[in-house]
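Please look over the notes below with the model open.

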Amino acid sequence: MVIRVFIASSSGFVAIKKKQQDVVRFLEANKIEFEEVDITMSEEQRQWMYKNVPPEKKPAQGNPLPPQIFNGDRYCGDYDSFFESKESNTVFSFLGLKPRLTSNAEP
C-alpha cells in the first residue's frame, strides 16, 4: 500500500497550501513513500476522495478540503488528525505503517 495525499495545487487558500506543504515535507523528511494526488487535475480523483472520507469526518456543509491522507484505500485522516499524530509522535500508526526502528548505537 502506498500513502496517498490528496492535495489541491490551485487552491486560493494560503492555509490549505501551508497544510499540504507541511504534510508533504514531513513525509519527504522521514523518507516515507507517498504519492500526491492533485484533485484539481482529476475530477475522478476528487470524487473518489469525497466518497471515501468517512461521514463523521466530512464538514457539515460543503466537501472535505485537502489535504486528506489515505493508505491505499484506507482513510487515515485530514490535516488536523495528521498534526495531532505528529505532535504525539504516532505518525507511523496514524498512517498504518510499522514504526521504524531507531538505532541507539554509539558511533
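1. In this predicted model, 13 residues line the largest pocket, and Lys19, Leu65, Pro66, Gln68 and Asp78 are the ones nearest its centre. Two elements, α1 (14–29) and α3 (79–87), each give two or more residues to this lining. The space in the largest pocket comes to about 200 Å³. Its lining divides into seven nonpolar, two polar and four charged residues.

2. The second largest pocket has a volume of about 170 Å³. Phe26, Asn30, Lys86, Asn89, Thr90, Val91, Phe92 and Pro99 make up its lining. By class these are four nonpolar, three polar and one charged residues.

3. Gln68 and Asp78, both among the residues nearest the centre of the largest pocket, are also bridge partners, with Asp78 in β4. Strand β3 (residues 68–71) runs antiparallel to β4, and four bridges join the two. They form a hairpin with two residues between the strands, and Gly72 in that turn has a positive phi of about 65 degrees. Of the five residues in β4 (residues 74–78), four are buried, so the strand is mostly covered.

4. How many aromatic pairs are there? The count is eight, taking ring centres within 6.5 Å as a pair. Phe70 and Tyr75 have ring centres 5.1 Å apart and planes at 70 degrees; this pair is edge-to-face because the angle is over 60 degrees. Phe70 has a relative accessibility of 0% and so counts as buried. Tyr75, at 13% relative accessible area, is buried because the value is under 20%.

5. Ring pairs also link Phe26, Tyr79, Phe82, Phe83 and Phe94 into a cluster.

6. Another ring contact involves a charge. The charged end of Arg4 sits over the ring of Trp48, at 4.4 Å from the ring centre.

7. Is Met41 buried or exposed? Its relative accessible area is 68%, and Met41 is exposed because that value is over 50%. Met41 lies in the loop between β2 (34–38) and α2 (43–52). Its C-alpha atom is 8.4 Å from that of Ser9, although the two residues are 32 apart along the chain.

How values were computed
Residues are numbered from 1 along each chain as its sequence is written. This is a predicted model: local features need pLDDT of at least 70, side-chain atom pairs count only at pLDDT 80 or more; totals for chains, interfaces and linings use all residues. Side-chain values use heavy atoms; hydrogens and water are left out. Rings of Phe, Tyr and Trp (its six-membered ring) pair if their centres lie within 6.5 Å; planes under 30 degrees apart count as stacked, over 60 as edge-to-face and the rest as tilted. Buried means under 20% relative accessible area, exposed over 50%, partly exposed in between (1.4 Å probe, protein chains only). A charge sits over a ring if NZ of Lys or CZ of Arg is within 6 Å of the ring centre and within 35 degrees of the ring normal. Two strands pair if DSSP finds at least two bridges between them. On a 1 Å grid over the protein atoms alone, a cavity is a set of points where a 1.4 Å probe fits but cannot get out, and a pocket is an open set with protein on both sides within 12 Å along at least five of seven lines; lining residues have an atom within 4 Å of a point. Grid points are joined across faces, edges and corners, and a volume is the space filled by probe spheres set on the points. Ala, Val, Leu, Ile, Met, Phe, Trp, Tyr, Cys and Pro count as nonpolar, Asp, Glu, Lys and Arg as charged, and the others, Gly among them, as polar.
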